[in-house]
Amino acid sequence: MAKQLTDRILEYLEKHGETNSLDLANEFQEDHQKIIGAIKSLETVDDLITVKPISKKKWEITAEGEYIIEHGSHEVAIYNAIPDEGISQAELMKSVPYAKVGFSKAMVAGWINLDKSGTSPIVRKKAPFIVDTIQTHLKDISNIPENIKTEYKKRKLLQEVVIKIMHLEKGPNFSIKIEKLEADLTSDLLTNGSWKNKKFKPYNFEALGAAIQIGSLHPLLKVRHEFRKIFLEMGFTEMPTNNFVENSFWNFDALFQPQQHPARDAHDTFFVSEPRVSTKFPMDYLEKVKKVHSKGGYGSLGYRYDWKLEEAQKNLLRTHTTAVSARVLRKLMQEGEFKPVKYFSIDRVFRNETLDATHLAEFHQVEGVIADYGLTLGDLIGTLYEFFKKLGITQLQFKPAYNPYTEPSMEIFCYHNGLEKWIEIGNSGMFRPEMVLPMDLPPDVNVIAWGLSLERPTMIKYGLNNIRDLVGPKVDMEMVRTNPLCRLEK
Ligand code: FB9
């Protein structure tokens, strides 16, 4: 039976004292990785061999070099393509692959000449015969001088690669005979008692588990999972957000966002051309929305403009998940008596943004909504402190802001110790009466809500500066495979 590779390596080491995995691969005409495997197996025997990883430069033939080994050099191909009577340069350049470099090298080698005396340049053979030295060299690069290798490297026929190899020496307990150590205590060894005169491999507690080929969650989904856990442990219920296409009524009008608001312009919103409009609305509710926009109501003057159904019917890609919040809140009152609720959503929204390193035309909005009797701004602030504390954020500041559908509104800031600066981490507010009262919510019920994006915390968490490293065709799949699990509070 063929000698074990491990035995052959030990015998080679016995004779030469030291070697390396690449020389062994050449010596035994074996694949380098097989040699590495055999060396790692010998390493498990204490002090048998001493191994040190080293880097070694190695010449490799490029694809073009392999082409020349198979087909001959480009200059030889050009030479052989010239008939005795000569050929036009234009014709010759179309006759073989790599013609341009072949022609140039054949001219430099003095194998051919170019006759420009006629109307078009004619190429003729100058040398009576030629030898394809390049092909010969490439067939056995171990015997070509370094300067020739450097020249072929410039022609991209050879390339120098650095490979990791293993240097071997005899260890303190070197022997060419290794006592076979049992790897497993089997039932046979136990039943026939032969375990008593066996030696067992020591447990390698440092050994890593076998890398299992499984899928990997995208960082955004890891962070979404963490946000979802936070909302669920705070008693929130997830809203149904599986409708990217929305109509203007639910995305804007229901939120008391006036029909002439700039956000409703095509420069900010993606409108859908087919189906262009929605036609089914809860007409009793729609009439209340129309009235509060056009004439006011519930103590509000409204916007006092001619509200148009056609505007409300326009379909679009939702610009915020607050459109879902509106649907869910209105549905509350369709199911009987009001009861306090806590809802959340985390899903994609679309805006016709100017793209830059941190903004794409879509992002994931994270939104929390609480509807209860007598809620105040203090309840919103307290909830935000609780929510962000679970992200490890305790220093918050609030800045008055404006949203069409909330009053008061606040931008939320935190001091980020890693970035050593205050950063905006979201927006919040109390839904206006003009939004919630047409939904028939009881007048003593208030609704507090807040929102942030999923991408911003994810980019900070995973140290990404460009949104295109997180989403899109340029994402490094190795980053997705290897990035660490997400612990938002750390
Ligand atoms: O997410 C944002 N920033 C953020 C969030 C978390 C975070 O975590 C780090 C570990 C510490 C870091 C940063 N922002 C909101 C603030 C900015 O990034 C802002 O420039 C971008 N904003 C988006 C919208 O931009 C067009 C983030 C997105 C956003 C803004 C507002 C809302 C939702 C998302 C909202 C809302 C809202 C308000 C009232 C009622 C209901 C919803």
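What you see is a predicted model, in which local features need pLDDT of at least 70 and side-chain atom pairs count only at pLDDT 80 or more, while totals for chains, interfaces and linings use all residues. Residues are numbered from 1 along each chain as its sequence is written, and side-chain values use heavy atoms, with hydrogens and water left out.

Let me start with the ligand. There are 26 residues around the ligand, and Arg351, Glu353, Glu424, Ser453 and Arg456 come nearest, where a residue is near if one of its heavy atoms lies within 4 Å. By class, this shell has ten nonpolar, eleven polar and five charged residues, with Gly counted among the polar ones and Asp, Glu, Lys and Arg as charged. Strand S14 (421-431) gives the most to the shell, with seven residues; helices (at least four residues) and strands (at least two) are DSSP runs.

Turning to polar contacts, meaning pairs of N or O atoms within 3.5 Å, a polar backbone atom of serine 453 is 2.8 Å from an oxygen atom of the ligand, and a polar side-chain atom of arginine 456 lies 3.5 Å from a ligand oxygen atom. Taken alone, the ligand exposes 850 Å², of which the protein buries 85%, with areas from the Shrake-Rupley method and a 1.4 Å probe.

Finally, leucine 185, in the loop between strand S6 (158-170) and helix H10 (187-191), is exposed, with a relative accessible area of 52%, where exposed means over 50%.

Key:
Polar contact = N/O pair within 3.5 Å; in protein donor to acceptor, adjacent residues only side chain to side chain. Buried < 20%, exposed > 50% of the residue type's maximum accessible area, 1.4 Å probe, protein only.
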